Amino acid sequence: MTMSVLLASTALPMAAFALAASISPGPVNIVCLSSGTHYPITKGLVFVTGATLGFIALFLAIGAGLYSLLSVAPLLETVLRWAGILFLLYLSYQLLQHDGRLQERGGVKAPGFMTGAMMQWLNPKAWLASAAGIGAYTTANEPHLLWLFAGLYLPICWLSLASWVYAGAFLKRYVHRPTILLTINRALAICLAASAIVLLVE
C-alpha cells in the first residue's frame, strides 16, 4: 500500500469524525445560529474564526499531552467544568438581554473572536472530543497524523460553524417582528442554559 493510499484511508475517517463533531448541535453552534440571526454575517464569521482557531489550538495542545493533566490534576477538571458552566450561563443571560430588535445600535455586543476561542477552551466536551479523536486516529510514534488531523479539522470546523451562522441569517429574513425574535432568543438561551446543566450533572 502506497503512502498516498494509506493517508487517504486515514484522512477519510478523520474528516468524517471532524464533520460529525463540528456540525452537530452544541453550545458553540447555538451561538453561531444566534449571531447569524441578530448580527451581520461578518460578525458571526469573526466568532466562527475564533472558535475554530481556539479549537485547533486546544486540539494540538491535547495532542502534545495537555489532556494528561486532567488525570493527574482532578482539580483542573473541576475548575474547567465550573468555568464552562458559568460562561455558558453568562452567554445565555446575554442572549436573554437582547430586546428583539435587529441590528439596533447600542444593543448587546455581538460575540467576537475571543469569545469563540474561550468557548472551546472552557468546554469540557471539546477536550473529550479532541482526546477521543486523537486517541482513535493518531499515535505517539506518528506525529504527522496529528498534524494531518488538525489540517483536516481546520476547514471542516470553520465551514460547519459558518453554516450555522448562515442558517441564522436565512432565518433572519423571515423575522421582522421583535416578539418573534424574542421567542427565538429565549429558546436559544434555554438551549445554552441546558448545555450548562448537562455539564453540571455529568
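The model is predicted: local features require pLDDT of at least 70, side-chain atom pairs count only at pLDDT 80 or more, and totals for chains, interfaces and linings use all residues. Residues are numbered from 1 along each chain as its sequence is written, and side-chain values use heavy atoms, with hydrogens and water left out.

**Whole chain.** Begin with a cartoon view. The protein contains nine helices and zero strands, giving the pattern α-α-α-α-α-α-α-α-α along the sequence. Helices (H or I, at least four residues) and strands (E, at least two) are DSSP runs, numbered from the N terminus. Of the 202 residues, 42% are buried, that is, under 20% relative accessible area with a 1.4 Å probe and protein chains only. Among contacts (heavy atoms within 4.5 Å) with a separation of 6 or more, 88% join residues 24 or more positions apart.

**Annotated segments.** Next, select residues 44–67, 79–96, 145–167 and 179–201, which an unreviewed UniProt entry labels "transmembrane region". Such annotations may be inferred rather than shown by experiment. Residues 79–96 are 100% helix and 0% strand, with the end C-alpha atoms 26 Å apart. For residues 145–167, the composition is 100% helix and 0% strand, and the end C-alpha atoms lie 33 Å apart.

**Largest pocket.** Now select Ala21, Gly26, Pro27, Asn29 and Asn123, the closest to the pocket centre of the 21 lining residues. A pocket is an open set of points on a 1 Å grid over the protein atoms alone, where a 1.4 Å probe fits, with protein on both sides within 12 Å along at least five of seven lines; lining residues have an atom within 4 Å of a point. By class, the lining has 13 nonpolar, seven polar and one charged residues.

**Cysteines.** Finally, select Cys32 and Cys157. A disulfide is a pair of cysteine sulfur atoms within 2.5 Å, and the count is zero. Cys32 is in no disulfide, the nearest cysteine sulfur being that of Cys157, 8.6 Å away. Cys32 counts as buried because its relative accessibility is 0%. Cys157 also counts as buried, at 4% relative accessibility.

Conventions:
Buried means under 20% relative accessible area, exposed over 50%, partly exposed in between (1.4 Å probe, protein chains only). Ala, Val, Leu, Ile, Met, Phe, Trp, Tyr, Cys and Pro count as nonpolar, Asp, Glu, Lys and Arg as charged, and the others, Gly among them, as polar.
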